[in-house]
Amino acid sequence: MTEEKGHRCFAGFYDRLSRRAESTFMREVRPRVQGAARGRTLEIGLGTGAGLPYYPADVTLVAVEPDPYMFKKARDNIADLKREVELQQAPAEDLPFPGESFDTVVTTLVLCSVTSQMKALGEIKRVLKPGGRYHFYEHVRYRNPIGGFAQDLVRPIWSQFGGGCSPNRRTWEAIEQAGFDEVSIEHESPIPPIPPLCFVRPHIIGFARKAGESS
Ligand SMILES: C[S@@+](CC[C@H](N)C(=O)[O-])C[C@H]1O[C@@H](n2cnc3c(N)ncnc32)[C@H](O)[C@@H]1O
């Protein structure tokens, strides 16, 4: 995604599209993911900023969002929130931060949309301090072949209208293979298996720890 390109419609409708999710299962998820952040924290793919109210007050918040339309919405929402957040327009695959600069990195519903999960996870590992933690919540590919096949079929059209989202990724495998010291992943299915939401389930929640001692 370049600075000029973006997903104007997706960004425009995103808060309305996600309202129900935010008032139901995401209310349980965000305290476990954003709410568990510690120290200097980076949220990648901030979207409109739905996770921001859940961070503990003593966390130093930095965020990146590459899509220019989402970025503008996030900036406005941050102003309303009256909390200091350093926001930059940048993708997960090329983070504009020195190595070992964050205690916590967070993604929620982002690894479905990145261009390269391998590069994004490599960058997350690079910017984490030794002993730092990556917290994630992502929707992923069905582990049963019929569900996965349905996600493969729907992916081109889903991606076009869903801001570049690919629902058929084995994201848990990418995280397990990214070279973290310790990885904990729970598989969940918080939404009913009815169209169209059946294509963006199941979900994973967990954390990965970078090797080393935290200071
Ligand atoms: C489904 S939204 C989730 C937004 C937010 N994380 C949340 O939980 O509400 C996906 C977000 O990932 C962003 N995104 C897409 N490609 C990205 C990339 N390569 N690097 C970082 N973020 C990306 C999109 O612009 C969008 O804001």
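C112 is buried in this predicted model, with a relative accessibility of 4%. Its sulfur lies 3.9 Å from the closest cysteine sulfur, that of C165. A disulfide requires the two sulfur atoms to be within 2.5 Å, so the distance between C112 and C165 is too far for a bond. C9 is exposed, at 57% relative accessible area. The structure holds zero disulfides; for C9, the nearest cysteine sulfur is that of C165, 16 Å away.

| Cysteine | Relative accessibility | Sulfur distance to C165 |
|---|---|---|
| C112 | 4%, buried | 3.9 Å |
| C9 | 57%, exposed | 16 Å |

Helix 5 spans residues 117–127, and its buried residues are Q117, A120, L121, E123, I124 and V127. These residues lie on the same side of helix 5, because they cover an arc of only 155° around the axis. An α-helix has 3.6 residues a turn, so residues three or four places apart point the same way. M118 and K119 are exposed and sit on the face turned away from the buried side of helix 5.

Methods: Residues numbered from 1 in each chain as written. Predicted model: local features only at pLDDT ≥ 70, side-chain atom pairs only at ≥ 80, totals over all residues. Heavy atoms only, no water. Buried < 20%, exposed > 50% of the residue type's maximum accessible area, 1.4 Å probe, protein only. Helix = DSSP H or I, 4+ residues; strand = E, 2+ residues; numbered from the N terminus. Arc of directions from axis to C-beta.
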